[in-house]
Amino acid sequence: MTENVISLGGLQVTSRDALSKAMESSGCESSACGTSDGPADMAPEVWEKVKDHPCYSEEAHHYFARMHVAVAPACNIQCNYCNRKYDCANESRPGVVSERLTPDGAARKVIAVANEIPQLSVLGIAGPGDSAYDWRKTKATFQQVVQDLPDIKLCLSTNGLALPDHVDELMDMNIDHVTLTINMIDPEIGTKIYPWIFYDHRRIEGLEASQILHERQMQSLDMLSERGILVKVNSVMIPGINDKHLLEVNKEVKKRGAFLHNIMPLISDPAHGTVFGLNGQRGPTAAELKELQDACAGGANLMKHCRQCRADAVGLLGEDRGQEFTMDQVPEQVTYDPSKREAYREWVAEERGERRAAAQEARTETAAAVTSDADAMLIAVATKGGGRINQHFGHATEFQIFEVDAQGVRFVTHRRCDNYCVGGYGEEDKLELVIKTLEGIDTILCAKIGDCPREDLAAAGIEAIQDYAYDYIETAVSAVYRARMGQPATEAEIA
Amino acid sequence: MALKIVVENCTVCGACEFECPNAAITFADDTYVIDPDLCTECKGHYDTPQCVAVCPVPETCVPA
């Protein structure tokens, strides 16, 4: 994914103008997870917590980056989709990691990343293992990191079994974000997912295991909600086991105060050596996932920008720069330089304000030009982040899909076109893959595209448009929509 | 009477280290090792050896 890398960190960021210019020449970032709601849609204190967190705010994921450190490898449950012996540097999925860190090593790595990636705003501990069970290492890491970077947001992912024992300590450390993985609220279903748990000094199997796990997960959710800690619930969608049941999970976690619900497709492959992989359990299709997400309307807010990243991922959600920051590349002594992150934050504060204003203007214009019952349209966008159309078609490893109608422009999902281990595919093969990826979408906006791929796309019925290069996504998507609906785009939008 | 860790199976997650009531398990040379002089197989503490119960890989904590 190196072509997807933004090197803002290497730029001399001195002013907002310089940064804007740099982004136009090199592009900026890529995007990834959370609610697309802005400050107008939630209480100010909640917006304050999510506005810089790429996983909790879809808008923030255009601007801010996260990093995970794998410091807590011990786990207290066994899941049928996890194999603890598996590890691959080329694989991108939850729980996979190439090296484990000590709390001290992790603290140095965070500083090295913060010095290079000014978008860094969140440090998460998300496996392999369970951050709340392996608590001493989690806590030691957080305590060391905040000494140098007091403004970084701390975040952890857990199955919830051990979490109730540490909620007060989370409060003491000002942790505002916790992800709970909840795959069921019916222990009978749990028996098909969890062969055993380790609890109260015993290995417990069968229904009793899932019963205890379920009770502790609900207790965790209640305790966190009561204390104002934002909870994202992650659920793995497993066809035939919990797919329909997740609708009930969605309602229950909403009732108990979850901020977001992230339904992720099961990743299953015999080569991973998991129980599900070996017994042929399949993952859901994109259509099945979408159907479930649509059915959850009215329940807990869904996160649709999740990239199911690695446990040692670094960067914006759609990219992973983890391989640039392996411990052999992190110096023994490293000093934090806050200037780049500060400059970047100032820039974002202004930039996102302008983007929001531009989006509002585009919405007003569209509402005036298009009848309110006009069909919605899906448009694919190639972006490196920053909320702009700023990626070359040929460099895109994923496309963001936006839905537009008279009510406005909404992020729907992303579609990847770089399925891991595709090394060896030629350019034409890749284009075929992209065309397949874009199924059901007939328009793509990108910063630039060559004549050949544009003609091939056209032959497949997909129009590639580069006229809106470096524009805001919302402005460009709105203009295309108005044009399709019979209203020409204004000159200002094309300029 | 003691247990040992089968190095090829160990994922080095360290769960056994902090569950061991005898502090018999330590990290050394990229793996965890059980000190046979300290290991009691948890007799007097728990019904089952804790390292065996928590280990994610079967046949990893076995009789020495």
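**Figure 1. A:Leu156, a buried residue of strand S4 in the predicted model**. A:Leu156 sits in strand S4 (residues 153-158) of chain A. Inside 10 Å of this residue are 25 C-beta neighbours; the cut-off for burial is 20 or more, so A:Leu156 counts as buried. Its contacts, leaving out residues up to four places away in sequence, are A:Gly124, A:Ile125, A:Ser131, A:Ala132, A:Thr138, A:Ile175 and A:Val178. One of these, A:Ile175, is 19 residues from A:Leu156 along the chain. The C-alpha atoms of this pair are separated by 8.6 Å.

**Figure 2. A:Asn174, a positive phi in a loop of chain A**. A:Asn174 belongs to the loop between helix H5 (167-172) and strand S5 (177-181). Its phi is positive, about 60 degrees, and the residue is not a glycine. Most residues other than glycine have a negative phi. A:Asn174 is exposed, because 12 other C-beta atoms lie within 10 Å and the exposed class covers 12 or fewer.

**Figure 3. B:Ala23, a positive phi in chain B**. B:Ala23 lies in the loop between helix H1 (15-19) and strand S2 of chain B. Phi is about 50 degrees here, positive although the residue is not a glycine. B:Ala23 has 10 other C-beta atoms within 10 Å and is therefore exposed. Strand S2 (residues 25-28) has the lowest confidence in chain B, at a mean pLDDT of 92. The highest is in helix H2 (residues 50-54), at 97. Chain B averages a pLDDT of 93, and 100% of its residues score at least 70.

**Figure 4. Packing of helices H3 and H4 in chain A**. H3 spans residues 103-116 and H4 spans residues 135-148. Their axes are 9 Å apart, at an angle of about 35 degrees. The crossing is right-handed. From H3(A), the contact takes A:Pro103, A:Asp104, A:Ala106, A:Ala107, A:Val110 and A:Ile111. Facing them in H4(A) are A:Lys137, A:Ala140, A:Thr141, A:Gln144, A:Val145 and A:Asp148. By class, this contact has seven nonpolar, two polar and three charged residues.

**Figure 5. Helices H11 and H14 of chain A, roughly parallel**. H11 covers residues 339-369; H14 covers residues 473-484. Their axes come within 8 Å and cross at roughly 10 degrees. Angles under 35 degrees count as roughly parallel, so this pair qualifies. H11(A) contributes A:Ala358, A:Ala359, A:Ala362, A:Arg363, A:Glu365, A:Thr366 and A:Ala369. H14(A) contributes A:Glu474, A:Thr475, A:Ser478, A:Tyr481 and A:Arg482. The contact divides into five nonpolar, three polar and four charged residues.

**Figure 6. A:Gly322, buried within a loop**. A:Gly322 is in the loop between strand S10 (314-315) and helix H11 of chain A. It is buried, because 25 other C-beta atoms lie within 10 Å. A:Ile185 is 137 residues away in sequence. The C-alpha atoms of A:Gly322 and A:Ile185 are 35 Å apart in space. Buried residues make up 48% of the 495 residues in chain A.

**Figure 7. The contact between chains A and B**. Eleven residues of chain A and ten residues of chain B form the contact. On the chain A side, four are nonpolar, three polar and four charged. Chain A itself holds 15 helices and 15 strands. Of its contacts between residues at least 6 apart in sequence, 72% join residues at least 24 apart. The model scores ipTM 0.96 and pTM 0.80.

Technical notes. Residues are numbered from 1 along each chain as its sequence is written. Chains are lettered from A and ligands numbered from 1 in the order in which they are written. This is a predicted model: local features need pLDDT of at least 70, side-chain atom pairs count only at pLDDT 80 or more; totals for chains, interfaces and linings use all residues. Two residues are in contact if their C-beta atoms, placed from the backbone, lie within 7 Å. Ala, Val, Leu, Ile, Met, Phe, Trp, Tyr, Cys and Pro count as nonpolar, Asp, Glu, Lys and Arg as charged, and the others, Gly among them, as polar. Helices (H or I, at least four residues) and strands (E, at least two) are DSSP runs, numbered from the N terminus. pLDDT is the predictor's confidence in each residue, from 0 to 100. Axes are lines fitted to C-alpha atoms, for helices over the stretch in contact, and angles run from 0 to 180 degrees between N-to-C directions. Angles under 35 degrees count as roughly parallel, over 145 as roughly antiparallel, 65 to 115 as roughly perpendicular and the rest as oblique. A crossing is left-handed if the near helix is turned anticlockwise from the far one by less than a right angle, and right-handed if clockwise.
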